[in-house]
Amino acid sequence: MPPVPEVVAALDLAPGSAASSGAAAVTAVDPRAARGAETPSAELDRALSELGDAALGFARMPPLEKASLLRSSLPGLLAAARLEVEASCVDRGLDPGSAASGEAWLAGPCVTLAQVRRLAEALEDIAARGRPGLGRGAVRARADGRIEVEVFPARLKDTALHGPLRARVLMQPGATRESVREEQARFYQQRDPDGGVALVLGVGDVAGVPLRDALHKLFVEGRVVALAMSPRSAPLGALLERALEPLVSRGFLRFVYGGAEAGAYLAAHPAVSEVHVTGPAAEHDALVWGPPGPQQARRRASGERLLDKPISSTLGGNSPVVVMPWLYGGDELWFQARCLASQVVSGASPGSHAASVLVLPRGFAQRPLLFRMLRRALAAVPPRRAAHPEAEARHAALTAGRGPIEPEHLEASADAPLPCGIARIGAPGPGELPWTLIAGLAASDAAEPLFSIEPLGGVLSVVEVGSSDPVEFLEAATRFCNDRLRGSLGATIVAHPISAEDPAVGAALDRALLELRYGVIAVNQAPAAAHAAVVPPWGGHPGSTLADIQSGLGFVHNTSMLAQVEKTILRAPLTTFPRPPGFCDHRRSHVVGERLAACAADPGWGRVARVVAAALRG
């Protein structure tokens, strides 16, 4: 079938490496430069034909057999983990033996292995009891009648590995206790499902994210998958394909490679019943509405889609960190400053979910101390290579015309307005970007590009709203985040637990959690913790539409297989011990990551103890 011409020019799926290379070849590949032959149209047709032949059998395969397929994939994925991390570190300019390589472990193999095992456990529950298991009393009604489901921790080992993190899923209005149970694992409640072929377009910069979305399509939604790898993740395709041989050999998963033409060809192919996009929102919009310009705007306004198939997506966007006014203890503020700095640092890595906007109350007495701590934390991390190919250009565009300020000027008296300008931290080398704070932005400025464009390299914008009254501040911060920021994936609220004991403040915090239009909201924690935990649903707020996609439609991960999801709400204390391995100042993050990968595949108590021991020495 011929490609859609207007989509071809907009998709970003350049040629990748051939799938037959084998895992050993990955060790010799530089992900920055590797390019292989584009999968010919005839091979694309053959891959889709094979998937179509397998779709019905896979859809009706007993859950226990699917669980066995997943468990048989764990050894291959674990064996490939170190190669995956090494290739990722080469791409980022990091030493694979350094603590900084822990980022690659924690965001890559650890999550994939945990997802595969959790899905296997969920399918085994379905085989035994009809649905994935939920803890006793997990489904409960709030005081306002809304239903929420506690999904994490699911067992004692989760607490040992993830500390006091708690995750509850807020269900959409109208959900009941009964409907939550009835709708859980919806695909597996069908008597004779038809299945189908899903195309997962990985137009982002990492291999793990589209792979995990593909696993969700396979084992939660019951579709066989054609996984189209992006140009920068293509060199890892052969490694992952070999690791997932149990799925590939049965015809349930196909890795394909190609440029914009191949992506358009696949999306429009009659054998493909639905499409899932992961990556920048612009790539999604180009697929649905055509390249940017007047024609795209006209189609969007009229609803004239170029691709009229079911489409889901997990995309990027701006992510705010909202700091409630309070007199925090020095250790509490230092912990949260390092948490914030770690989110900024993660923005230099492709495919990460990073904090991009800091929302502070006007008159916040501890503003100077917070900036002093934030500068100290960032200054301790050497600047990173601009991993995303557009990072340097975007950094230049977002900082153009803004005057420089010294970082120390942000630490002036809280009574004075924040100075307007850019504070750069660190001495970047060629191809590297400094950690960048952009202060003095007007919350009312609807045209501010930093509110609508996602930075790609360690940029944090600072906005002040409301006042030092926590109720007024939360109302103003919620309006700002919902009305000004582009994106609906994740948000953070820093809140002292004592402040919420005041009935008015507690009610205001609860309203903010309900009203913020984000798919994941984390209290005193980074939203990425939900991604790492795997069990909670991960995705943009369901208020998005194809015409206004924000951070996407639909949730992935969600190994409890819940339907009717509105958002995931994480809660954690202001400080935890030991320091989280995802902190940028953790000295043994790479050791924790490698041990956690082994534990994710097989979480025996001995492996759990090894993870905890490494974490305690961080």
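**Figure 1. A nonpolar surface patch.** Patches are made of residues with over 30% relative accessible area and no salt bridge, where like charges are joined within 9 Å and nonpolar side chains (Val, Leu, Ile, Met, Phe, Trp, Tyr) within 5 Å. Accessible areas come from the Shrake-Rupley method with a 1.4 Å probe, and for residues only the protein chains shown count as cover. The model is predicted, so local features need pLDDT of at least 70 and side-chain atom pairs count only at pLDDT 80 or more, while totals for chains, interfaces and linings use all residues. Residues are numbered from 1 along each chain as its sequence is written, and side-chain values use heavy atoms, with hydrogens and water left out. On the surface, W326, L327 and I498 form a nonpolar patch that has about 320 Å² of accessible area together. Of these residues, L327 lies in the loop between β9 (320-323) and α14 (330-346), where helices (H or I, at least four residues) and strands (E, at least two) are DSSP runs numbered from the N terminus. L327 counts as exposed at 68% relative accessibility; buried means under 20% relative accessible area, exposed over 50%, and partly exposed in between (1.4 Å probe, protein chains only).

**Figure 2. Aromatic pairs.** The structure holds 5 aromatic pairs, for which rings of Phe, Tyr and Trp (its six-membered ring) must have their centres within 6.5 Å, with planes under 30 degrees apart counted as stacked, over 60 as edge-to-face and the rest as tilted. F187 and Y188 form an edge-to-face pair, at 5.2 Å centre to centre and with 85 degrees between the planes, and both F187 and Y188 are buried. The rings of F335 and F583 have centres 5.0 Å apart and planes at 50 degrees, so this pair is tilted.

**Figure 3. An enclosed helix.** Helix α12 (residues 281-289) has 7 of its 9 residues buried, so this helix is largely enclosed by the rest of the structure. The buried residues in α12 are E283, H284, D285, A286, L287, V288 and W289. Just after α12, G290 takes a positive phi of about 100 degrees.

Figure 4. A search of the whole structure finds 37 salt bridges, each being a side-chain nitrogen of Lys or Arg within 4 Å of a carboxyl oxygen of Asp or Glu. One of them joins E464 with R367, whose closest N and O atoms are 2.9 Å apart. This pair links distant parts of the chain, since E464 is in strand β15 (residues 459-465) and R367 is in helix α15 (residues 367-379), 97 residues apart. Both E464 and R367 are buried. The side chains of D548 and R486 also meet in a salt bridge, at 2.5 Å from N to O. D548 is partly exposed, with a relative accessible area of 33%, and R486 counts as partly exposed at 29% relative accessibility.

Figure 5. A search of the whole structure finds 0 disulfides, a disulfide being a pair of cysteine sulfur atoms within 2.5 Å. C89 is in no disulfide, and the nearest cysteine sulfur, that of C110, is 12 Å away. C89 is buried, with a relative accessible area of 0%, whereas C420 is exposed, with a relative accessible area of 56%.
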